Amino acid sequence: PSVYDPEILVEVGPQSSGLGSAFAISSDGWWITARHVVDACSRVGIIVSRGSAAPVRQVKVSLFADLALLKTDHGPAGLAIDTSEREFQVGQRAFHVGFPQGRPGEAYTRLIGRENLIARGRYDVDEPVLTWAELGRTSGLRGSLAGISGGPAFDANGQVIGVTIAESARRGRIYTASPATILHMLRIEQVHAQGAPAPRFTADNYGQQSDALRRSLAVAQVVCVTDRARS
């Protein structure tokens, strides 16, 4: 991170009931998602089948990044997180998996650099993020990627290298929390991530690989219910 990195401003509006994405990091029920997906929710759940959600018992939001940890009673096998960043190179590929627009979908990007994300509104955070240029999406996915927030970004080797937290649809950009930020949150909360890499991703197979991760619930949909919705 550098003070000379470009800045992007994100307005975090009032929380409302909705859907986002999350991914498992250990089989004992720990998940990672984006803070803005679950912050200020009265109830949070991980959707495990049509019409059924596993209740989230704990929500730990980061105070320095758009990240949060969720705890359920049980969980699927976790995904491996590569927290080194040492091998990152401009132009490398990433594969973003989740539930954009509330349904299964994914995007394919290349790394173009780092920016400082400044979030203002419901909460205020300044954090370094990685900036990715969109190269493609799965068939039929158009418009906003809203709903993919909290989902993992994978490298070609199937390791998680970021958490998708924002997009600029007009510019064709996707922003992810950096591996160093993820590691910092895990250390503060004393949560140990235990996972294995997903199968390798390519520009030709990332749709099928993403579907397999959702079927196994390694990548799952998050539901947020607010007090307003309950009333």
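Cys 224 is buried, at a relative accessible area of 2%, where buried denotes under 20% relative accessible area, exposed over 50%, and partly exposed the range in between (1.4 Å probe, protein chains only). The model is predicted, so that local features need pLDDT of at least 70 and side-chain atom pairs count only at pLDDT 80 or more, whereas totals for chains, interfaces and linings use all residues. Residues are numbered from 1 along each chain as its sequence is written, and side-chain values use heavy atoms, with hydrogens and water left out.

Cys 224 is joined to Cys 41 by a disulfide with an S to S distance of 2.0 Å; the criterion for a disulfide is a pair of cysteine sulfur atoms within 2.5 Å. Because Cys 41 lies in the loop between helix H1 (35-38) and strand E4 (43-49) and Cys 224 in strand E16 (residues 219-225), the pair ties together parts that are 183 residues apart in sequence. Helices (H or I, at least four residues) and strands (E, at least two) are DSSP runs, numbered from the N terminus. Cys 41 also counts as buried, at 18% relative accessibility.

Five aromatic pairs are present in the structure. Rings of Phe, Tyr and Trp (its six-membered ring) pair if their centres lie within 6.5 Å; planes under 30 degrees apart count as stacked, over 60 as edge-to-face and the rest as tilted. Phe 95 and Tyr 108 form a stacked pair, with 5.1 Å centre to centre and 10 degrees between the planes. Since Phe 95 belongs to strand E9 (residues 93-98) and Tyr 108 to strand E10 (residues 105-121), this pair ties together parts that are 13 residues apart in sequence. Both Phe 95 and Tyr 108 are buried. Tyr 108 and Tyr 206 have ring centres 5.6 Å apart and planes at 35 degrees, so this pair is tilted. The latter pair links distant parts of the chain, 98 residues apart, with Tyr 108 in strand E10 and Tyr 206 in helix H3 (residues 206-215). The relative accessibility of Tyr 108 is 15%, and that of Tyr 206, likewise buried, is 7%. One aromatic cluster is formed by Phe 95, Tyr 108, Phe 154, Phe 201 and Tyr 206.

Charged groups also sit over rings, as assigned when NZ of Lys or CZ of Arg is within 6 Å of the ring centre and within 35 degrees of the ring normal. The charged end of Arg 35 sits over the ring of Tyr 123, 3.8 Å from its centre, and that of Arg 214 over the ring of Phe 99, 5.8 Å from its centre.

Val 59, in strand E6 (residues 58-61), is partly exposed at 36% relative accessible area. Apart from neighbours within four places in sequence, Val 59 is in contact (heavy atoms within 4.5 Å) with Val 38, Val 44, Leu 69 and Leu 70.

Most residues other than glycine have a negative phi. Gln 101, in the loop between E9 and E10, has a positive phi near 60 degrees and is partly exposed at 38%. Gln 190 has a positive phi of about 55 degrees; this residue is found in the loop between helix H2 (179-189) and strand E15 (195-196) and is exposed, with a relative accessible area of 72%.
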